[in-house]
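Let's look at a helix and some aromatic pairs together, one question at a time.

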Amino acid sequence: MTRLLPVRRRVEHADTDASGVVHFARYPALQETALLQNLERLGVGLDVLAGAGFDLVVTESTTKYRSPARYPDELSLEPAVGHLGAARARIDTTIRRIADGVELATGCLVVALTDRTTGAPCALFPALHAALEETRSDALR
């Protein structure tokens with residue numbers, strides 16, 4: 001079975017506030033990075049969706065902060081499909097510091113598709129739905 005794979009990312013100076021701690025607003029972007037890199041790997045990235053007439057949109061974002069990430073920590077962004085419906089998917093992500101395995105944050109992105117021309121909401125593109133379904137563990141089905 002295919003899974004969503006962890007994505008490694010080093011904290012850049014631009015990610016931090018004046019004290020060198022990753023700014024709270026960067027965590028949703030890290031979650032999105034993990035999702036988008038996995039969609040590309042699965043063959044249903046943004047270019048494929050755009051070619052089929054869809055835009056991927058985030059309809060909800062949440063983050064729970066546990067411990068600060070700092071420059072220049074190397075992070076593991078660990079996404080998993082938390083829910084998969086006909087029109088939306090929830091991607092749950094755990095962010096860990098690689099050096100010590102400490103969980104820094106958890107969060108989720110709820111994503112949906114819109115028609116590129118009209119902006120109207122759409123059901124998930126069948127290839128996207130199938131790819132996300134394949135990544136789900138038996139425990140989540």
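The dialogue below goes from the helix to the rings.

A: A word on the ground rules: this is a predicted model, where local features need pLDDT of at least 70, side-chain atom pairs count only at pLDDT 80 or more, and totals for chains, interfaces and linings use all residues. Residues are numbered from 1 along each chain as its sequence is written, and side-chain values use heavy atoms, with hydrogens and water left out.

Q: Which residues of α1 are buried?

A: Buried means under 20% relative accessible area, exposed over 50%, and partly exposed in between (1.4 Å probe, protein chains only). In α1, the buried residues are Tyr27, Leu30, Gln31, Ala34, Leu35, Asn38 and Leu39.

Q: What does asparagine 38 touch?

A: Contact means heavy atoms within 4.5 Å. Leaving out residues up to four places away in sequence, asparagine 38 touches Arg3, Leu4, Leu5, Val7 and Pro79. Asparagine 38 counts as buried because its relative accessibility is 1%.

Q: How many aromatic pairs are there in the whole structure?

A: Rings of Phe, Tyr and Trp (its six-membered ring) pair if their centres lie within 6.5 Å; planes under 30 degrees apart count as stacked, over 60 as edge-to-face and the rest as tilted. The search finds 2 aromatic pairs. Tyrosine 27 and tyrosine 65 have ring centres 5.2 Å apart and planes at 75°, so they are edge-to-face. Tyrosine 65 is partly exposed, at 44% relative accessibility. Phenylalanine 54 and phenylalanine 125 form a tilted pair, 5.4 Å centre to centre with 45° between the planes.

Notes: Helix = DSSP H or I, 4+ residues; strand = E, 2+ residues; numbered from the N terminus.
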